[in-house]
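The sequence and structure come first.

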Amino acid sequence: MEQPHDLTVETPRTWERPVVCVPVLVALSLVGGRFASFSTEANLYIFGTGGVLIWLGLTRRVQGAPAPQRLGSGAVWWTLPVLVFGIFEGVTFFAAAGDDFPTFSLLADPLLDDRLVRSAAWLVWLSAFWGLVRR
């Protein structure tokens, strides 16, 4: 007897499951954390991993989660700090305020000197990017 279509569930591919992708993301972040900040190797690694994730998202090779029909009311409140942060970063960067009024990126540089912190930042970046690819 044939099963109705709405009762079947598509299972994710093996490499899309958390038991596979979490260790891969951790390994990629440990490799990325070994490169010095703003070095040529780090920039090439960023463009390589980011390019692969963009390619996976654009070609729909990853089974995406269904998009929400409409954003919740709390989403508006998240745009406010993001906008303030973006405006602050842009103005201080283009004004070249330097050490008198540093950007958040410049303030974070001493933290990113440690390889473990840099690897953790890589893991956050890759996880967020993977979440966007899955959408």
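What volume does the second largest pocket have? The second largest pocket has a volume of about 200 Å³. The model is predicted: local features need pLDDT of at least 70, side-chain atom pairs count only at pLDDT 80 or more, and totals for chains, interfaces and linings use all residues. Residues are numbered from 1 along each chain as its sequence is written, and side-chain values use heavy atoms, with hydrogens and water left out.

**Second largest pocket**

- Twelve residues line this pocket, and Val24, Leu28, Leu53, Leu56 and Trp130 are the closest to its centre.
- A pocket here is an open set of points on a 1 Å grid over the protein atoms alone, where a 1.4 Å probe fits, with protein on both sides within 12 Å along at least five of seven lines; lining residues have an atom within 4 Å of a point.
- Grid points are joined across faces, edges and corners, and a volume is the space filled by probe spheres set on the points.
- Helix α1 (18-33) gives the most to this lining, with five residues.
- Helices are DSSP runs (H or I, at least four residues), numbered from the N terminus.
- The lining has eleven nonpolar residues, one polar and no charged (nonpolar: Ala, Val, Leu, Ile, Met, Phe, Trp, Tyr, Cys and Pro; charged: Asp, Glu, Lys and Arg; polar: the others, Gly among them).

**Largest pocket**

- The largest pocket has a volume of about 460 Å³.
- Its lining has 17 residues, and those closest to the centre are Ser37, Phe38, Ile46, Leu112 and Trp122.
- Two or more lining residues come from each of α2 (40-58), α4 (104-108) and α5 (115-134), and α5 gives the most, with four.
- By class, the lining holds eleven nonpolar, four polar and two charged residues.

**Serine 29**

- Serine 29 lies in helix α1 and is buried, at 3% relative accessible area (buried is under 20%, exposed over 50%, with a 1.4 Å probe and protein chains only).
- Beyond its neighbours within four places in sequence, serine 29 is in contact (heavy atoms within 4.5 Å) with Ser119, Trp122, Leu123 and Leu126.

**Helix α5**

- The buried residues of α5 are Arg118, Ser119, Trp122, Leu126, Phe129, Trp130 and Val133.
- Viewed down the axis, these fall within an arc of 105°, so they line one face of the helix; the arc is that of the directions from the helix axis to the C-beta atoms.
- Leu116, Val124 and Leu132 are exposed on the other side of α5.
- The cover over the buried residues of α5 includes α1 and α2.
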